[in-house]
Amino acid sequence: MALGERGGWDKSESRYCGVETDFNDDMPHLLSFNLSSGGFDFVVASLGDLGKHSHNLMDPNYRPSLMEKDIGGGSHVLPFAGSDLVLSPSQWSSHVVGKISSWIDLDSEDEILRTDSETTLKQEISWASHLSLQACLLPSPKGASCANYARCVNQILQSLNNMQLWLRIPLVKNDDDTTDFIPSVSTVTYAQILSWRIFSIHVYSRVRGDSWELWNSFRLLCEHHSQLSVALDVLSSLPSANSLGRWLGEPVRAAIIHTDSFLTNARGYPCLSRRHQKLITGFLNHSIQVVISGKLNHGVPSVSLDSALDHTGTNVESSQRHSLRPYLDYIAYLYQRMDPLPEQERFELSYRDFLQSPLQGHNPLFHIISDEFCTIEFSNYYLSFQPLMDNLEAQTYETFEKDSVKYIQYQRAIGNALVDRVPDEEASSLTTVLMVVGAGRGPLVRASLQAAEETGRKLKIYAVEKNPNAVVTLHSLVRLEGWEKTVTIVSCDMRCWDAPEKADILVSELLGSFGDNELSPECLDGAQRFLKQDGISIPSSYTSFIQPVTASKLHNDVIPCLCAQVSPLEAISFSSKCALALQVKSHKDVVHFETAYVVKVHSVARLAPCEPVFTFTHPNFSTKKSNQRYKKLRFEIPSDTGSAMVHGFAGYFDAMLYKDVHLGIEPSTATPNMFSCCASSSVCFVESYFDTGLQIPAWFAIFFPLRTPVCIRPGSPLEVHFWRCCGSTKVWYEWCVASPNPSPVHNSNGRSYWVGL
């Protein structure tokens, strides 16, 4: 573990740091030197740049077109590789990332070069797959046109095992968008491509525009394949914060930092600029591994006894120190000084970018997931509920009841309402009738009684709950706490109950991640008939919000039947292999791209501030009220962001409980210690693109996917339409993009996703 420990809870891949190696004709020595002496966790070793002795991966001089042919037309056994026996299988798979030959150019106008490149690419990836490497680094496309390169990679992906392909992309975006991205270098002849360093200088020095465009073209040609990822070359100059933020929603697996990007501090050691520090820290927070590349460019002073201790406290002899060890130590320093995650965030680590599908009106599905430790059968279990059709389980109640912030806010709101309702001079004589509709196991009943005690008001409480199992717990709680004279338990659906008297205050906690998505409007419409005309509803109003996001991982994980069908407590206990197994790919059908998913969004790029969608106010005594809604929204992407891919929309809510007491997860107004993500103002939005969100388990965001992602260009507004539709037996959402490129209306007539009445 190159970067050290962070309390033992950090299990992310970003703990491990790699090094891009130069030529060496002894693979075992190369691995031993970089891992043992250097302290790195893995090497990025060239499949085509290592020597031709038996200890090497590939022969750099090998070209398919130069091979002698047999008389029968076949070729000799290809001498492009050495033996796979020089390392053990575990060493290959755990400590080596293959680097494909840098000279290949599959879009060259030189036919021999193009043909040799395709043959070599396939041979080297086949060899890497044979070695069970976990990933291979593909060279950056040589020009703006990369169709043939992408075609060949896509062919390979169709039959590839679990190995990942990392496409090397320079982290570049110039403000001058009038020039072409990368001028074609297809006129460079085969003989002129002498080495990767010559070529990289040739191409990178001529990069214009936005390198994201190159990545986007390549992944579109490869059909968004989940095994195609990005390795970003971090250069000495960085694009704007908004431009960098886009990459958090892309499948970035590695950040390659060249030693040229480091500055020199007062003591002569390498360091990074503040912007680079923030970038690398953000990458580490998003499980992106760092790879050090290049030569020692800093005159590091002689190693004293104190400074000879590396970041793990191990004594390292100066004569044996790896030349790139100072750069590794600096990355470890950045990693170790990252703020520790709060306890709540650690609890939620298992939920990050883990789709949880709302309950539907279909039969349960079961899946067997096996690993070396366990075989587990998963059944439908979700964190977004059918509140009028289903009863919650005990562990779900327990999870939600752990949210102390929510009940503190409710207690404040109830206390303020009691004070406004009953003057001080009548506090001892006037009893307020309060009804908790959807009382569950009693947390709101407790909050109401505590509010009454704090304000010195008298209460009479009706606790209305339709779940007969929760009612059992309520009765036990009332007896245990001695509330028999104050609390009356009603085992009934609030819409059917014939109340013996009118309520002064009506309290409910029926809010979902999108505010109204768990049918709070329909429930409260049925319950407000027993609220006095001047009565108070808590909450009094709530508004849903959405924002466009780049969310490559979420979009790839929208698959049938395998979406987090597991309870929240079970999810954190499964081994990592089980968690990964849940991401197994399957046929992507329309139904699952027309379903809204509850998810703790993490590896996403928030492309614009949130906009309000639907608002509901209670009580609503209007005779013409309707819970159907329609909203057209327009999002402006900051101009310095560049182009971006919209995979869907993250949804939130903000509720006004009573007067100035609010509760919500909308980023700019989120309740403290519930959710803190990005601010609504453009300036704060720019500066917070690497902030860590903090949400309560009850209210993660909701994700509305797009069947086909939409590419947004600079200066092109995004026009989105959302509907909330109501039928006689169900409520559902429909959504679409109208501009810049129209999309189909998703979930028409609730064909894929709905909530039953």
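Reply:
**A proline loop and its surroundings**

Pro619 sits in the loop between β21 (611–617) and β22 (629–635); strands (E, at least two residues) and helices (H or I, at least four) are DSSP runs, numbered from the N terminus. The peptide bond that leads from His618 into Pro619 is cis, and its omega is near -5°. Please keep in mind that this is a predicted model, in which local features need pLDDT of at least 70, side-chain atom pairs count only at pLDDT 80 or more, and totals for chains, interfaces and linings use all residues. Residues are numbered from 1 along each chain as its sequence is written, and side-chain values use heavy atoms, with hydrogens and water left out.

Pro539 is placed in the loop between β17 (531–538) and β18 (541–550). As background, most peptide bonds are trans, and most residues other than glycine have a negative phi. His224, which is not a glycine, has a positive phi of about 55°, and it belongs to the loop between α6 (211–221) and β6 (228–234). Asp353 also has a positive phi, near 55°; its loop runs between α10 (343–347) and β11 (367–370).

How far can you trust the chain? Its average pLDDT (the predictor's confidence in each residue, from 0 to 100) is 80, and 75% of the residues score at least 70. Over residues 560–588 the pLDDT is below 50, and in the model this stretch has 77 contacts beyond near neighbours in sequence; a contact means heavy atoms within 4.5 Å. Residues 315–319 also stay under 50 in pLDDT, with seven contacts beyond four places in sequence.

Now for the helix pairs. Helix α8 (residues 274–285) packs against helix α9 (residues 325–336) at an angle of about 70°, the axes being 10 Å apart. Axes here are lines fitted to C-alpha atoms, for helices over the stretch in contact, and angles run from 0 to 180 degrees between N-to-C directions. At that angle α8 is roughly perpendicular to α9, given that under 35 degrees counts as roughly parallel, over 145 as roughly antiparallel, 65 to 115 as roughly perpendicular and the rest as oblique. Gln277, Ile280 and Leu284 of α8 meet Tyr330, Ile331, Leu334 and Tyr335 of α9. By class, the residues of this α8 and α9 contact are six nonpolar, one polar and no charged, where Ala, Val, Leu, Ile, Met, Phe, Trp, Tyr, Cys and Pro count as nonpolar, Asp, Glu, Lys and Arg as charged, and the others, Gly among them, as polar.

Helix α12 (residues 404–421) and helix α13 (residues 443–455) cross at roughly 45°, and their axes come within 8 Å. This makes α12 oblique to α13, and α12 passes α13 in a right-handed crossing. The residues in contact include Tyr407, Tyr410 and Ile414 of α12, and Leu444, Ala447 and Glu454 of α13. The α12 and α13 contact holds ten nonpolar, five polar and one charged residues.

The axes of helix α3 (residues 111–130) and helix α4 (residues 147–159) come within 11 Å and cross at roughly 30°, so α3 and α4 are roughly parallel to each other. Among the residues in contact are Arg114, Glu118 and Leu121 of α3 and Tyr149, Arg151 and Ile156 of α4. Here the α3 and α4 contact divides into six nonpolar, two polar and four charged residues.

To finish with charge pairs, the whole structure has 25 salt bridges, each a side-chain nitrogen of Lys or Arg within 4 Å of a carboxyl oxygen of Asp or Glu. One of them joins the side chains of Lys99 and Glu20 (2.7 Å, N to O). Lys99 lies in strand β3 (residues 96–99) and Glu20 in strand β1 (residues 17–20), so this pair ties together parts that are 79 residues apart in sequence.

Technical notes:
Left-handed = near helix turned anticlockwise from the far one by under 90°.
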